[in-house]
Amino acid sequence: MEVVTAEVAGMCFGVRDALAALAEIDHPERVTIFGELVHNPIVSDRLARRGFVTTGENDRERLPETDIVLITAHGVSDRERNRLRSAGKTLVDTTCPLVVNAHRAAIALRDRGFHLLVVGRPGHVEVRGIVEDLPSFDVIERVEDVQTYPHYKLGIICQTTARASDVAAIRTAVAERNPSAEIEFVDTVCRPTKEHQRSLENLLTRVDAMVVVGGPNSNNTRELVKLCEERGVRAIRVQSAAELDPEWFQGARLVGLTAGTSTLDETIAEVREALQSINM
Ligand code: SF4
């Protein structure tokens, strides 16, 4: 069985920079990571073993006990940042600059009187960080969710890990269902996400199956799996090489390999090696 790896796969610069910032911290036990640093359980376990205190994604109402709080690459709202600072917390901010761009785009539209439409997953930590600073918004996950909105000015932005084709379809549906609205669109899908998706598309016409390495809560991993399925290619999501079952590859001659933006290089290498050792 032959294995071909997508040209762009795995960790993005935003996650690498966040991990580099954590590596510099000398006293992890004095720092609370505010939510999952990355949606990758392997990385989360390592950080917990180093002694970092962690707050669950859905447990952020409670104030962390440590004086230092680390904001993850997914970012938080200004409201949340102010709440933490007012409680005397020192913030170490690893928000990815491309998430900051999405926040800035939303705020600029808000300040010009637009009702915000955020293309993304409702409840996702990045989306929550964006919408918490908005007085008027809707989050749209699927084209079927698009409505006729009671607002004349509609500003559309995207979760950084949304899929370009979903964004395009939702944008069209918003225009169709709101023909008299003034609509402004800012493309805030990040470049690494687009490159991962494009590299995957380049493989999909050639492979018999695709292995996607990433955590179950990783939005961009989920989008890569969805893209495979929509193109009729069997997608197998695993978190590590240990999860691979050779039986899944019966009859496959060429298997593709890609990974979400929070997957470690070493995990991709281990999965590639394990796949190459399968003789079918
Ligand atoms: S996926 Fe994009 S926005 Fe998110 S951390 Fe990586 S580069 Fe930044």
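Biologist: Which residues are around the ligand?
Modeller: This is a predicted model, where local features need pLDDT of at least 70, side-chain atom pairs count only at pLDDT 80 or more, and totals for chains, interfaces and linings use all residues. Numbering runs from 1 along each chain as its sequence is written, and side-chain values use heavy atoms, with hydrogens and water left out. Counting a residue as near if one of its heavy atoms lies within 4 Å, you get Cys-12, Phe-13, Gly-14, Cys-96, Leu-98, Val-99, Thr-160, Thr-161, Cys-190, Pro-192 and Thr-261.

Biologist: Which elements give two or more residues to that shell?
Modeller: Helices here are DSSP runs (H or I, at least four residues), numbered from the N terminus. On that count, the answer is helix 1 (13-23) and helix 4 (97-111).

Biologist: How much area do domain 1 and domain 3 bury between them?
Modeller: An automatic or database assignment sets the bounds, with domain 1 at 2-9 + 191-276 and domain 3 at 98-185. Their contact (heavy atoms within 4.5 Å) takes twelve residues from domain 1 and ten from domain 3. Buried area is the accessible area (1.4 Å probe) lost on putting two parts together, summed over both. With 41% of it on carbon and sulfur atoms, the value is about 860 Å².
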